[in-house]
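Okay everyone, thanks for coming.

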Amino acid sequence: MVRRPLGNHHLGPDTLLVTSDTTQTDLVAEETENLRKLIARARFILFDFDGPICRLFAGHTAEDVARRLVDWLESRGLRGLLTEEERVHPDPHYVLEAIHRRHPQSDLVTELEERLTQQELKAVASAMPTPYADPLIRTWSALGGQLAVATNNSARVATAYLTTRDLDSCFAPYVFGRTHDLDLLKPHPHCLNQALNAMGADRTASLMIGDAPSDFYAAQNAGVAFIGFARNEDKEKRLRSAGVEVVVESLEPVLRMLRGQA
């Protein structure tokens, strides 16, 4: 299903007055057609990892990982490097980036990043596949699409997960992720550019599927089209607010349209 939130627009030049269910249906139909066009011209497809492919922290929660990173810092007598908000934040990337802002390119950041990678690797065993992701990946690959992963997670983690699902051959060797230089995390387009350059991709025939505004901004900076994946209303709201025009709440319509091209 493709969803598009509607608002009440005032009459005036170049504006639309939303007055009926028919108008809402027309807008949804327009977005569905835009989705179809994006899929039809995509030959090089970049996937974000945590979200569109799986929920990495479905069992080994992100909150636990963040707390472990904070505990390690405190054991080193470095509690003062984090604010109170940072110490209780549920996102481990937030903790890592907070240290990076204060000590960029330091050995401390390198060690903390490796500790995060090890926690992500542990999470692979309990990661939950995103519904329809596996058949979508296999179908796109079978139809000749060149697939790549561009993620803020470790590339080692993405590769480990794909191997457990027997999907690694659909992507190999195009899996690109976090480096020790955290300035290159999305929304910087670094990992997207790595993937596109490695594939020799035509950017006008390239598409990214991601679930965060940072994915969208990275895609814009890399010059590729974008489909937003929103598994809940909060993620959809964030994507819409960032300017994403095509958002799906499930990968099922993407798979259905792709199979229709076979």
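Quick ground rule: a salt bridge here is a side-chain nitrogen of Lys or Arg within 4 Å of a carboxyl oxygen of Asp or Glu. Bear in mind that this is a predicted model, where local features need pLDDT of at least 70, side-chain atom pairs count only at pLDDT 80 or more, and totals for chains, interfaces and linings use all residues. Numbering runs from 1 along each chain as its sequence is written, and side-chain values use heavy atoms, with hydrogens and water left out.

Let's start with E84 and R79, which pair up with their closest N and O atoms 3.9 Å apart. Buried means under 20% relative accessible area, exposed means over 50%, and partly exposed is in between (1.4 Å probe, protein chains only). E84, at 46%, is partly exposed, and R79, at 41%, is partly exposed.

Next up, E86 and R102 meet at 3.1 Å, N to O. E86 is in helix α3 (residues 84–87) and R102 is in helix α4 (residues 92–102), 16 residues apart. Helices are DSSP runs of H or I, at least four residues, and strands are runs of E, at least two, numbered from the N terminus. E86 is buried at 4%, while R102 is partly exposed at 35%.

Last one: E120 and R178, 3.0 Å between the closest N and O atoms. E120 is in helix α5 (residues 107–123) and R178 is in the loop between β5 (175–176) and α9 (190–199), so this pair ties together parts 58 residues apart in sequence. Buried or exposed? E120 is buried, at 0%, and R178 is buried at 8%.
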